[in-house]
Amino acid sequence: MHVPQASTAPLLAALAAADAYAFLAPLDCIIPLADPHGVDEAVLAQLAPQRTIFRLPAHLAGDKQIQKKCQQWRDAGYRLILDGADAGPVAAAQVDARALSFDASGARPALHQLLPLAGPHLAYNIADAGQLAVLQELGVSWFAGDYALHHARQQSEPEDATSRRRLLALLGLLARDADAHELEVPLKQDPSLSYHLLKLVNSAAFGFTAPITSFSQAITLLGRRQLQRWLQLLLYARQQDDGKIHALLPLAAVRAAQMEALCQLRGGDRDAQDLAFMAGVFSLLDVLLGMPMQEIIATLNLAPEVSAALLERNGELGTLLALVESAAPPPEGLRRAGIDGETYWRSLLQAYQWAIQVSRNL
């Protein structure tokens, strides 16, 4: 997990508290260090060295004191990644860094800068899928940015229209709590979606001893509440032409799970949590389907508070949704939602934990 640039001390303290590493397992945490001299060694001692990577600005690599500090960190088990498009093997060797990172919105390093290092290399602030493809060709394998929100649609027009109608029909059935037989019809018409559903229910996440081979079995064993949640999320699991899962899936999972967690931490009941989850997972449908949200909402029978949240960010759900959509929510946004920093952090950890589980099972 790549953490955006922030004040180092609060960030390290937050990771050291609340069992953050347990929530984020098995992911490593990449932490930017704008000022390595300002690292609190007492807080540092509470982190998990084998799962922590420090991102060090390349212009500091020649500093003798920082080189000594980096060696101490390496000896303790931490890893280092050198940040800057002008960095290379020589600068990396000064601090024993094995990989480079750089801001994809600016200049990119050349191939000869990346190849001599073991990697994996990181690019952040990636704007779209086209930029992502170029970086993959360059040899970068860790990515961060808003590229999922600008993911190129790859289907031809006739296929696109048919798939869109089928998805909207399924969403409508889910929204009005249709019975199992009605849900089976669009599922059977969509091989990708049905494949992912059966793969999911047969995964270790559910622990069923006998294989599940039909939708009726899946619906019965999962229960309607679980089924509805997973189907909402599985809409994003449609495979692309290259066989990969849609890039929106992890983001949809995080939004949905954090909306639910915030609702729960604020005392909301199960029905309120279901609506919060739905608002979060549906908030990316306009990107997924390439349609205006107004047009999508018009075809669905959603609760009024969910529609208001999705269309105008109004009401309690709308306030929460605006919060989870922000990469770094401002203090006034938290106050407006009646949420303190610790509650927000715990909700985010729960959301990442669930999104990691989803990504591993699909």
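Before I show any packing, let me say that contact here means heavy atoms within 4.5 Å, and that helices (H or I, at least four residues) and strands (E, at least two) are DSSP runs, numbered from the N terminus. What we are looking at is a predicted model, in which local features need pLDDT of at least 70 and side-chain atom pairs count only at pLDDT 80 or more, while totals for chains, interfaces and linings use all residues. Residues are numbered from 1 along each chain as its sequence is written, and side-chain values use heavy atoms, with hydrogens and water left out.

Let me start with the chain as a whole. It has 20 helices and 6 strands, and of its 362 residues 49% count as buried, where buried means under 20% relative accessible area, exposed means over 50%, and partly exposed is in between, with a 1.4 Å probe and protein chains only. Among contacts between residues at least 6 apart in sequence, 58% join residues at least 24 apart.

Helix H10, residues 191-201, packs against helix H12, residues 224-234, at an angle of about 135 degrees, and their axes are 10 Å apart; axes here are lines fitted to C-alpha atoms, for helices over the stretch in contact, and angles run from 0 to 180 degrees between N-to-C directions. That angle makes H10 oblique to H12, because angles under 35 degrees count as roughly parallel, over 145 as roughly antiparallel, 65 to 115 as roughly perpendicular and the rest as oblique. The crossing of H10 and H12 is right-handed, a term used if the near helix is turned clockwise from the far one by less than a right angle, with anticlockwise giving left-handed. On the H10 side Leu193, His196, Leu197 and Leu200 take part, and they meet Leu227, Trp230, Leu231 and Leu234 in H12.

A second pair is H9, residues 180-189, with H11, residues 215-222, which pack at an angle of about 130 degrees with their axes 10 Å apart. H9 and H11 are therefore oblique to each other, and their crossing is right-handed. From H9 the contact draws on Ala180, Glu184, Leu187 and Lys188, and from H11 on Phe215, Ser216 and Ile219.

Helix H13, residues 248-265, deserves a moment of its own. With 18 residues, H13 reaches 26 Å from its first C-alpha to its last, close to the 26 Å expected at 1.5 Å a residue, the expected span being 1.5 Å times one less than the number of residues. Is H13 largely enclosed or left open by the rest of the structure? Since 14 of its 18 residues are buried, H13 is largely enclosed. After H13 comes Gly267, whose phi is positive, near 95 degrees.

Let me turn to charged pairs. Side chains of opposite charge can pair when their charged atoms come close. I call it a salt bridge when a side-chain nitrogen of Lys or Arg is within 4 Å of a carboxyl oxygen of Asp or Glu, and by this rule the count comes to 10 salt bridges. In one of them the side chains of Arg79 and Asp28 meet at 2.9 Å, N to O. Arg79 lies in strand S3 (residues 79-83) and Asp28 in the loop between helix H2 (20-24) and strand S1 (29-32), so this pair ties together parts that are 51 residues apart in sequence. Arg79 itself counts as partly exposed, at 29% relative accessibility.

The last pair is Arg313 with Glu325, whose side chains meet in a salt bridge at 2.6 Å, N to O. Arg313 sits in the loop between helix H17 (304-312) and helix H18 (315-325), and Glu325 in helix H18.
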